[in-house]
Structure formats: structure tokens, C-alpha cells
Amino acid sequence: MDVYEAVTSRRAVRAFTDRPVPQQVLERVLSAASWAPSGSNLQPWHAFVVTGEPLAQLKKRCAERLATGDSWDEPEYEMYPATLASPYRERRAEFGRQRYGALGIARDDLEARQRAAADNWAAFGAPTALFCYLDRGMGRPQWSDAGMFLQTVMLLLRAEGLHSCPQMAWAKFHRTVAEVLSPPAELMLFCGMSIGYADPAAGDDRIGRAPLGETVSFIGG
Ligand SMILES: Cc1cc2nc3c(=O)[nH]c(=O)nc-3n(C[C@H](O)[C@H](O)[C@H](O)COP(=O)(O)O)c2cc1C
């Protein structure tokens, strides 16, 4: 698979089979992904790869919290600006329309939306999840480094025939994640990522992108 194919075939998969991901594949992907760039080579990401019983425990604990209507953990970072200006507001609305429309959920059916969102904390059925932490003291450039690392992981997963879904949703239950992972206190959870083989029954629809002219300006040349 060439890089273009890896990039264009990567999509946020939200339904996985329970086929296990071999440990040596995960090790190959994570060791290649360590070549991701970072400012001054800080490599500020801390990845925890969770499978088997600990992941089952995590899914169970989250399901219990959801069932009792437990509120989210206090946020450690803002996932989005409080107000989204145009064109981001429209892009977000379009994402919601496509994501929930594909599931046949009406715009105002908040309960059904919440039920669908709950699949996040079951890792969408994936047998493996990765959790990306950063030192609390790190700034915006280091968060960007973590993004580069995560995208590198996702592209390498494609080369192995695997799919993924990056998920900030896990940060809403960061305390429960920490109970299972026991990360050092100085780390904070950025996001999780479900990893596995895509369930072919779930289809392969994907959301589009803004036209190039909206996001890229060519100057000169
Ligand atoms: C940092 C980050 C966090 C995300 N968090 C979630 C999430 O919590 N749940 C989810 O279903 N998708 C999540 N996504 C996936 C995005 O919705 C998805 O990447 C976007 O809509 C573009 O679709 P595509 O990845 O299929 O091309 C996240 C993506 C990123 C990069």
C-alpha cells in the first residue's frame, strides 16, 4: 500500500469485528510510528495500548457509568472552542448530519444520539485501544506533535490491513481510563483510539472534505 492509499483509505471506523490484532503487528506499527516528527525531538506522546481483560474491564466500567447516568469527569482541556465561527460551525453540523443520518437518527432525537455516542466507550467493538497521554506541562506545539504521532499510527495500521477511530470521547471518562491504566500523575489523557479489523457489514461511507481552496492558499509559483 502506498502512502496516498493509506491516507485516503484511512477513515474513522465505528464498527469493528472481535478478531484480535496480533501483538507483533502492534509492536511493528508502534515502533515505526516512533519516527513521527516532534519539535526538538521531544516525542511528548505517551501511548498505552490496551487489549484483553484490562480493555474488557474498561468497557465494563464505562458501561456501568453510562447506565447510572453518571456525569462526565471534569474536563482537563477544552475539546472545542465555546463558540464555533463559520465555516467550522457548518462543518460540524454537516458531520452530525452525516454521522447520525447514516444511523437513521433524527436531528432532534438527543436520546438516540446519546445511545449511538455510547459506542465510543465500547471502543466500537474493537479488540484493542490506544490511549495517548501528554505531560500536563506541554504546550500547543507538543499537542500537535502528538497528533502527528497518532496520524502516523493510523496510516501504519492501514498498511497492516487494520482500521482505527481516534476518540476524544475517552477524555470524558478520563478517571475511569486512569483507574485501569494507572498512568503517572503528571500525564493527562488527550484521546483514545479504537484499533481493529473493520466490520464489513457496517459499510464504508465516509465524510467528505472542504474544497482545497477553502483550506489551502498557493502563493506565487
Ligand atoms: C483528535 C480527534 C478526536 C476525535 N474524537 C472522536 C470521538 O470521540 N468519537 C468519534 O466517533 N470520532 C472521533 N473522531 C473522528 C472524527 O469525527 C473524524 O476523523 C472526522 O469526522 C473525519 O472523518 P474521517 O476520519 O472518517 O475521514 C476524532 C478525530 C480526531 C482527529
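What follows is a chat about this predicted model.

Q: Which residues come nearest the ligand?
A: Arg11, Ala12, Pro166, Gln167 and Ala169, out of 13 residues around the ligand.

Q: And which element gives the largest share of that shell?
A: Strand E3, residues 163-167, with three residues.

Q: How does the shell divide into nonpolar, polar and charged?
A: Eight of its residues are nonpolar, two are polar and three are charged.

Q: Switching to the core. How many residues are in the largest nonpolar one?
A: The largest nonpolar core has 39 residues, and Ala129, Phe131, Cys132, Val153 and Ile195 have the most contacts inside it. Elements that each supply at least two residues include strand E2 (128-135), helix H6 (140-159) and strand E4 (187-196). H6 gives the most, eight residues.

Q: What is Ile195 in contact with, leaving aside neighbours within four places in sequence?
A: Its contacts include Val21, Ala126, Ala129, Leu157, Leu162 and Ser164.

Q: Now backbone geometry. Where is the cis peptide bond?
A: From Ser86 to Pro87, with omega near 10°. Pro87 lies in the loop between H3 and helix H4 (88-101).

Q: Which residue has a positive phi just after H3?
A: Gly69, at about 70°.

Q: What about Asn41, buried or exposed?
A: Asn41 is exposed, because 8 other C-beta atoms lie within 10 Å and 12 or fewer counts as exposed. Its phi is positive too, near 55°, and Asn41 lies in the loop between H2 and E1.

Q: And what is the phi of Gln43?
A: About 50°, positive although Gln43 is not a glycine. Gln43 is found in the loop between H2 and E1 and counts as partly exposed, with 16 C-beta neighbours inside 10 Å.

Note on methods:
Residues are numbered from 1 along each chain as its sequence is written. This is a predicted model: local features need pLDDT of at least 70, side-chain atom pairs count only at pLDDT 80 or more; totals for chains, interfaces and linings use all residues. A residue is near a molecule or strand if its C-beta atom, placed from the backbone, lies within 6 Å of it. Helices (H or I, at least four residues) and strands (E, at least two) are DSSP runs, numbered from the N terminus. Ala, Val, Leu, Ile, Met, Phe, Trp, Tyr, Cys and Pro count as nonpolar, Asp, Glu, Lys and Arg as charged, and the others, Gly among them, as polar. A nonpolar core is a set of buried Ala, Val, Leu, Ile, Met, Phe, Trp, Tyr and Cys residues joined through C-beta atoms within 7 Å. A residue is buried if 20 or more other C-beta atoms lie within 10 Å of its own, exposed if 12 or fewer, and partly exposed in between; C-beta atoms are placed from the backbone. Two residues are in contact if their C-beta atoms, placed from the backbone, lie within 7 Å.
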